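Subject: Structure handover

Hello,

Please find the structure below. My notes on what was found in it follow.

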Amino acid sequence: MPLKTRYKNLFISIFLSIISIFNTHEAFSQIFSNSQNPLSVKWRSISSSGFKIIYPSDLETQAQRMANTLPYLYKFAGSGLNLNHAEIPIILQNQGVVANGFVQLGPKKSEFYTTPPQYFDSQDWLNNLAVHEIRHVAQFAKLTGIKKHPFPELVYFAYFGAAIPLWFFEGDAVVNETALTYTGRGRQPNWMMPFRTSVLEGRKFNYSEAYFGSERKATPGYYQTGYAMVSNLRTEEGKFISDSLLTRIKKNPFIPYPFSKSLKHFTGKNTKQFFLTTQDLITKKWAEQEQKTPTKDYQVLNPKAKFETNYFLPVRINEKQILALKNSKAKTNYFVLIKDDKTAQKLFAIGQQEQPWFSYSNGVLVWNETHDDPRYKQRSYSVIYRYNFARNTSKQLSKKSRLFSPSLSADGKKIVAVKVTLDNKFNLIEMDAQNGRILKSYPNLQNYILQTPAFNGSGNAITYISVSEKGKNLCVLKKGEETILIKDSRQQLSKPIFNGDDICFNAHFNGIDNIYNFSVAEKKITALSASKYGAFNPAFGKNGEMVFNDYGINGYQIAEIVPKATKIGTDNFVDFSVAAEKQENPPNIFANVPDSSFKSVSYRQAANLLNFHSVIPVIDDKYVYGLQLQSNNLLNTTDFYTAAKYHSDLKRMEYTADLSYKALYPIIGLSYSNRPQRAFYQANGQSFQGDWRENYTNLSISLPVSFSSKNNYYALSARVSTSYTQRYQLENLPSNFINMRKFPLEYSLTLNHSIAIAPRDISPKWAQVLRFTYNHQPFDAHLKGELLALETYFYFPGLAKNHSFLASFNYQSAIGANRFAVEIPTVYGYNNILATSKLKNTVLLNYRFPIAYPDWEIGPLAYVRSFTGGLFCHYENVEKIDNFNRPKTFGLEFNTNLNLLRYLPVVNIGTRLIFVNQMYHQNPLVEFSFNYNL
């Protein structure tokens, strides 16, 4: 059986999907990476008090620092869980440009992505990452024990995902990072801004909305929800409440809703009740803050939105138009011109960005996008694009680069950007905006992390943010000399720009993110905005007007004022982690990290191909079930599975083994199965049953390649496989039964193009998929057969927003031993309709559309996210154009997306009413479906 089918076991798939988004450091969700690094990466390792740090040789300095930091930090991160020692591999990843970090089981490891984002906390990035992820390490250790047990990891992992809500894991870690340091996301007003804005505007959330999100509203997210709830828990129940909860869950693993019942045991409230209490509490505190903080309302210049819609980084390009980067629940990132009458003109879409960013000047627009390596997805790049408004042309200025936050000079001829090398060295570079040629690189002797640079009006000075463990600095670089205007600040300084000789920037001096001005002449900071919820991203026009983002209940809006400098005001920030901070009473934990030198050794991938970690139950179908031993190595290059399964219908055992090696450019798969088989046949007018066993070996070589350009995604997947089957212990089989199948060959090629999809899209607006398959048996004279198949899928926009039309045309020719094979997609209801002819082709027409986004919470049973509908008309064996008057099946379908039993994976439950062509004498069919999304 091919390796890919081994993942189709019900038990572990369902429960792993519950926790597969677990523990990402950033506020977005990401499934754990299963991708590889290129072979050129040379790996080394350091062992330090239970932490085994595996890292590319480029990161020797950072690895030595983490070898000192992690054991020292764990004493603080684990103290509230009564732990002081850990054993876990830590992998430092440097090939990518997307910041992230996670901890997982199956296999047990943590990964730190060392390239920092352009917006983050006011401390060293790896320290920032470590203090959060090490709390997750402690959480796992509390639940599973420190020592490795005999292969339980995936079972543990599945149980945790089912038993403990993700908001608790993440909220506990954010409280930890905030209480143990001078920074932490809990001290950033913009991190809790969507939550604060909604409740102060009178939009209270039910528990499911806050936890699972919404396709309509801007919701807090489970990080922020968890932070508020765990902070409240620490306030009411003390430092060790997380320890008490996890200990009780570990001791009572099989009670229904174990977390909610444990929470009620200690607090008297279940999860929903505790959330509502917490929401009321923080609403009260924010209302008090609002009363004490002078604010202004600003006129909104963008079109009014009915659901969450963002207009990022507005800049006035003339007296009547404002340029912005728009995204929403309904559409992906694209540039838009906002006119004076508040109408919006779409320009063009762009590709994936880690954080919204662009720069405009003098008719030129530049931005950066994230591009993945075609094969090795651990490697990615940040590339720069340029668009010329006068010529209506775009150009990619850099390839395979690691350049961030490109900003144009006033004349549009130069770009300044941040360059990050593989050894985490940071420099400002200047490049030619016409051809992308690097003109200059500025030294950064202290190697501070650099962020969001910008030119002054004459192009001879640059302002930017630098970051170290001591805090953030507001800097100006002129004639090669750096001047620090604000030094070692814990303010969330970001996106500085010149306003004449002064510098404007974002900060939260009054407890709310606003726009401030630093007078270089007077060395004085004044406020330029007084937003109620948050003001960001200033840009100045010719007459001194300032256009900026003013946050509202439905996202980032556009406002414009002629700014007047005012006093900074009193800091009225509401710090929910005060109790936790007092309980921890930490020193500056990073000030006293040891500075030892550790022995570094080569990490040999060949010696670490196998890493057995779990025995899990597997269920292939209702008749076949068993146990599987699983190995996945730490660098995701080798997967190995071996299983013993029982066929209850045959009352016999099956033994399998699968190996996949993914370090090379092609992926090599080898599988073996010793399995029982049964067949029914006709002889002399009678039916007989025959049994046998067979040794089945399969070898495959596949090549998955994909890349992107702006919002277009392209993929190619080629695969060739062969197998050898030897049958024995033949029972009650005819004399001509073939007991050997020698090396049939299967080839497949899939070509794919699609554009990016938005959260509300049911399918891509534009996409094309072509798949060719050819099977034959050139080495077996006794078992000839061929199969040629072509599958095509063409997606088109529907009649309204987020509607989708699919036209699928498919053909197959099957002869000989393959004559009964079905390789192409079939009409709905195919298996329940008696065939009248051999399958040759199908034409499938599907139209799908959204109906409603109710956000219904049905107690603890379900959270209903959306309803969608569809119409279909399917044809089979079309030979003439006249056949299109007689579809084989047609009908309608209805689906709902929901979260069941307060678990995170989105489940799709659907029903389909199928009408059948009268020639088949078949009553209408009703089908039901149940699917879940990883």
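This is a predicted model: local features need pLDDT of at least 70, side-chain atom pairs count only at pLDDT 80 or more; totals for chains, interfaces and linings use all residues.

Residues are numbered from 1 along each chain as its sequence is written, and side-chain values use heavy atoms, with hydrogens and water left out.

Helices (H or I, at least four residues) and strands (E, at least two) are DSSP runs, numbered from the N terminus. Two strands pair if DSSP finds at least two bridges between them. Strand 23 and strand 24 pair in the antiparallel sense over five bridges, with Ala-507 opposite Asn-514 in strand 24.

Strand 22 (residues 494–499) also pairs with strand 23, antiparallel and over four bridges. Here Phe-498 stands opposite Ile-503 in strand 23. The hairpin of strand 22 and strand 23 has two residues between the strands, and Gly-500 in the turn has a positive phi of about 70°. Strand 23 (residues 502–507) is mostly covered, with five of its six residues buried (under 20% relative accessible area, where exposed is over 50% and partly exposed is in between; 1.4 Å probe, protein chains only).

**The sheet 14-15-16-17**

Four strands form an open sheet in the order 14-15-16-17, with antiparallel pairing. Strand 14 (403–408) and strand 17 (438–442) are at the edges with a single partner strand each, so one side of each has no neighbour in the sheet. On average, neighbouring strands of this sheet are turned by 25° against each other, direction ignored. Strand 16 (residues 426–432) is joined to strand 17 by four bridges, and the two run antiparallel. Ile-429 stands opposite Ser-441 in strand 17.

**Helix 6**

How many of the eight residues of helix 6 are buried? Eight of the eight residues (193–200) are, so helix 6 is largely enclosed by the rest of the structure. The buried residues include Arg-196, Thr-197 and Ser-198. The buried residues of helix 6 pack against helix 8 (222–237), helix 11 (271–292), strand 26 (535–540), strand 27 (546–552) and strand 28 (555–561). Gly-202 follows helix 6 and has a positive phi, near 90°.

**Helix pairs**

Helix 8 and helix 11 pack at an angle of about 90°, with their axes 10 Å apart (axes are lines fitted to C-alpha atoms, for helices over the stretch in contact, and angles run from 0 to 180 degrees between N-to-C directions). Helix 8 and helix 11 are therefore roughly perpendicular (65 to 115 degrees; under 35 counts as roughly parallel, over 145 as roughly antiparallel and the rest as oblique).

The axes of helix 2 (residues 60–77) and helix 3 (residues 125–144) come within 9 Å and cross at roughly 50°. Helix 2 and helix 3 are therefore oblique to each other.

Regards

Note on methods: Contact means heavy atoms within 4.5 Å.
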